[in-house]
Amino acid sequence: MDKKFSILICDYDKHDVRIIEAMAREWLAENERDAEVTVFTDPVKFRESFVGGTSYDIYLLGVSMHGSSGIELGRLIHTRYPNAPLIYVTRSKGHALEAFSVNALRYILKPVDYMEFVSALDFAYIVHRAVPRNIVTVRLPGAVTNLNEDDVVYIENNVRSMKYVMKDGEIVNGNRRNISFENFFAPLLASGKFVQSHKSFIVNMNYISSLRTSSIRLSTGINIPISRRHIAEVHKAYEKFNAK
C-alpha cells in the first residue's frame with residue numbers, strides 16, 4: 001500500500017501552529033487532497049522521530065524554537081532527503097539566506113498571508129510529485145544522484161565514503177553523513193526490503209540466496225558478514241520478507 005501523503009509542521013509557538021495547521025487543512029480541502037498532518041511543538045521530539053525513520057512529504061518549519069534551530073533541522077532533512085520540499089514559516093527576517101542554503105522552497109514571514117502560503121504549498125506539492133518514488137538519494141562530491149532502490153544490492157559504510165553496489169556491478173561512492181549509518185538509512189530499513197547485517201553493511205533482501213551462521217550469500221556471488229549482534233535480526237527480517 002502506498003504511503004499516505006503527509007505534511008509536517010514543527011514550531012514551538014502553539015498559537016502559530018494552530019493557524020498554520022488550519023491553513024494547511026484548508027488548502028488540502030480546497031484541492032480535495034487527503035493527507036496526514038503531523039504537528040510538533042517540541043523540535044527535539046521531531047528530531048528524534050525523524051532520525052528514527054519517520055519521514056514526510058512536505059516540511060513546514062519555524063526558525064527559532066527555544067534553543068533549537070529550524071535551520072539545523074532543515075539541514076538534517078536536506079542531508080537525508082535533498083529533494084524534500086521544505087518551507088520556513090517564521091517571524092525572523094534574518095535567516096533567509098541560511099534557509100535557502102538547505103534548499104528551502106520558500107521563506108514566509110508571520111503573520112502569514114494565506115495566498116502566499118497556498119502558493120508555497122502548491123509549489124511544494126509539484127516538487128513532491130516530481131521526485132520519483134522508491135529511490136535512494138546519494139550525495140556525491142558537488143552533486144546529487146538518485147538510485148533505484150531495487151537496483152541496490154548492498155551498501156557498505158567505509159571510512160571516507162558509503163559504497164552503493166548495484167545489480168549491474170556498478171559501484172557508486174557517496175559522501176559520508178553526519179549521522180550514524182543505521183539512523184541515516186532508517187527509512188530504507190523500515191521499508192522491509194533491506195536489513196542491516198553488520199555495523200558496516202545493509203543488504204537488499206531481494207538478492208539474498210542463502211543465510212549462513214556468520215554471513216549472507218548474495219545471488220551475485222558475494223558474501224556479506226553478519227555480526228553476532230545482528231544474527232537474530234537478520235533471520236527474523238528475512239523470514240518475514242519471504243513470507244509476503
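A residue is called buried here when its relative accessible area is under 20%, exposed when it is over 50%, and partly exposed in between, with a 1.4 Å probe and protein chains only. The model is predicted, so that local features need pLDDT of at least 70 and side-chain atom pairs count only at pLDDT 80 or more, whereas totals for chains, interfaces and linings use all residues. Residues are numbered from 1 along each chain as its sequence is written, and side-chain values use heavy atoms, with hydrogens and water left out.

By the burial criterion, Phe185 counts as buried, at 3% relative accessibility, and Phe184 counts as buried at 5%. Aromatic pairs are rings of Phe, Tyr and Trp (its six-membered ring) with centres within 6.5 Å, planes under 30 degrees apart counting as stacked, over 60 as edge-to-face and the rest as tilted. A search of the whole structure gives 14 such pairs. In one of them, the rings of Phe46 and Tyr56, with centres 6.5 Å apart and planes at 40 degrees, form a tilted pair. Because Phe46 belongs to helix H2 and Tyr56 to the loop between H2 and strand E3 (58-61), this pair ties together parts that are 10 residues apart in sequence; both Phe46 and Tyr56 are buried. The rings of Phe184 and Phe185, by contrast, have centres 4.9 Å apart and planes at 90 degrees, so this pair is edge-to-face. Ring pairs also link Phe40, Phe46, Phe50, Tyr56, Tyr59 and Tyr81 into a cluster.

Helices (H or I, at least four residues) and strands (E, at least two) are DSSP runs numbered from the N terminus. Within helix H2, which spans residues 43-51, the buried residues include Phe46 and Phe50.

Helix H2 packs with helix H3 (residues 70-80) at an angle of about 10 degrees, their axes lying 11 Å apart, where axes are lines fitted to C-alpha atoms, for helices over the stretch in contact, and angles run from 0 to 180 degrees between N-to-C directions. H2 and H3 are therefore roughly parallel to each other, a label given to angles under 35 degrees, with over 145 counting as roughly antiparallel, 65 to 115 as roughly perpendicular and the rest as oblique. The contact (heavy atoms within 4.5 Å) involves Pro43, Phe46, Arg47, Phe50 and Val51 of H2 and Leu73, Leu76, Ile77 and Arg80 of H3.
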